[in-house]
Amino acid sequence: FQNKGLGTRLMKAIEAEFPQMKKFALGTGARSVRNQHLYHKLGYKDKETERFNDRITMIHMEKTVS
């Protein structure tokens with residue numbers, strides 16, 4: 001179901017459910033380039049990289065809402 005807009009709609013629906021929030025945070029795998037692209041497109045910025053072991057690295061992202 002990739003590239004059909006489902007991820008974008010889901011993220012926007014989640015954000016719309018919490019209009020009082022000033023900041024949203026999420027994490028994705030460092031090798032999940034398509035996920036990173038989606039989140040960047042939606043306004044999320046890389047905040048921190050966390051390496052768990054040789055195979056797993058997580059990128060923590062945040063979006064500040066005005």
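**Figure 1. Order of secondary structure elements in the predicted protein chain.** From the N terminus on, the elements run α-β-α-β-β, which comes to two helices and three strands. Helices (H or I, at least four residues) and strands (E, at least two) are DSSP runs, numbered from the N terminus. The C-alpha trace spans about 40 × 30 × 15 Å along its principal axes. Residues are numbered from 1 along each chain as its sequence is written, and side-chain values use heavy atoms, with hydrogens and water left out. This is a predicted model, in which local features need pLDDT of at least 70 and side-chain atom pairs count only at pLDDT 80 or more, while totals for chains, interfaces and linings use all residues.

Figure 2. Of the 66 residues in the protein chain, 21% are buried; buried means under 20% relative accessible area, exposed over 50%, and partly exposed in between (1.4 Å probe, protein chains only). The accessible surface comes to about 5,400 Å², and 53% of this belongs to carbon and sulfur atoms. Accessible areas come from the Shrake-Rupley method with a 1.4 Å probe; for residues, only the protein chains shown count as cover. Among contacts (heavy atoms within 4.5 Å) between residues at least 6 apart in sequence, 49% join residues at least 24 apart. The chain has 13 positive and 7 negative charges, and their mean positions are 9 Å apart. Lys and Arg count as positive and Asp and Glu as negative, whereas His and the chain ends are not counted. The place of a charge is taken as NZ of Lys, CZ of Arg, CG of Asp or CD of Glu.

**Figure 3. Pairing of the strands.** Strand 3 pairs in the antiparallel sense with strand 1 over seven bridges and with strand 2, also in the antiparallel sense, over six bridges. Two strands pair if DSSP finds at least two bridges between them. Thr57 in strand 3 stands opposite Arg51. Strand 2 and strand 3 form a hairpin, with five residues between them.

Figure 4. Thr28 counts as buried because its relative accessibility is 5%. The side chain of Thr28 makes a polar contact of 3.4 Å with the side chain of Asn35. A polar contact is a pair of N or O atoms within 3.5 Å; within protein, one must be able to donate a hydrogen and the other to accept it, and residues adjacent in sequence count only if both atoms are side-chain atoms. Leaving aside neighbours within four places in sequence, Thr28 is in contact with Asn35, Gln36, Tyr39, Thr57, Met58, Ile59 and Met61.

Figure 5. Asn53 lies between strand 2 (45-51) and strand 3 (57-64), in the loop. Its relative accessibility is 37%, so Asn53 counts as partly exposed. The side chain of Asn53 reaches two backbone nitrogens: that of Arg55 at 2.8 Å and that of Ile56 at 2.9 Å.

**Figure 6. His60 in strand 3.** His60 is found in strand 3 and counts as partly exposed because its relative accessibility is 26%. The side chains of His60 and Glu50 are joined by a polar contact of 2.7 Å. Apart from neighbours within four places in sequence, His60 is in contact with Leu26, Gly27, Lys45, Asp46, Lys47, Glu48 and Glu50. Lys22 is 38 residues from His60 in sequence, and the two are 17 Å apart in space, C-alpha to C-alpha.

**Figure 7. Lys63, a buried lysine in strand 3.** Lys63 lies in strand 3, and at 17% relative accessibility Lys63 counts as buried. The side chain of Lys63 reaches the backbone oxygen of Leu42 at 2.9 Å. Not counting residues up to four places away in sequence, Lys63 touches Glu15, Lys22, Lys23, Phe24, Leu42, Gly43 and Tyr44.
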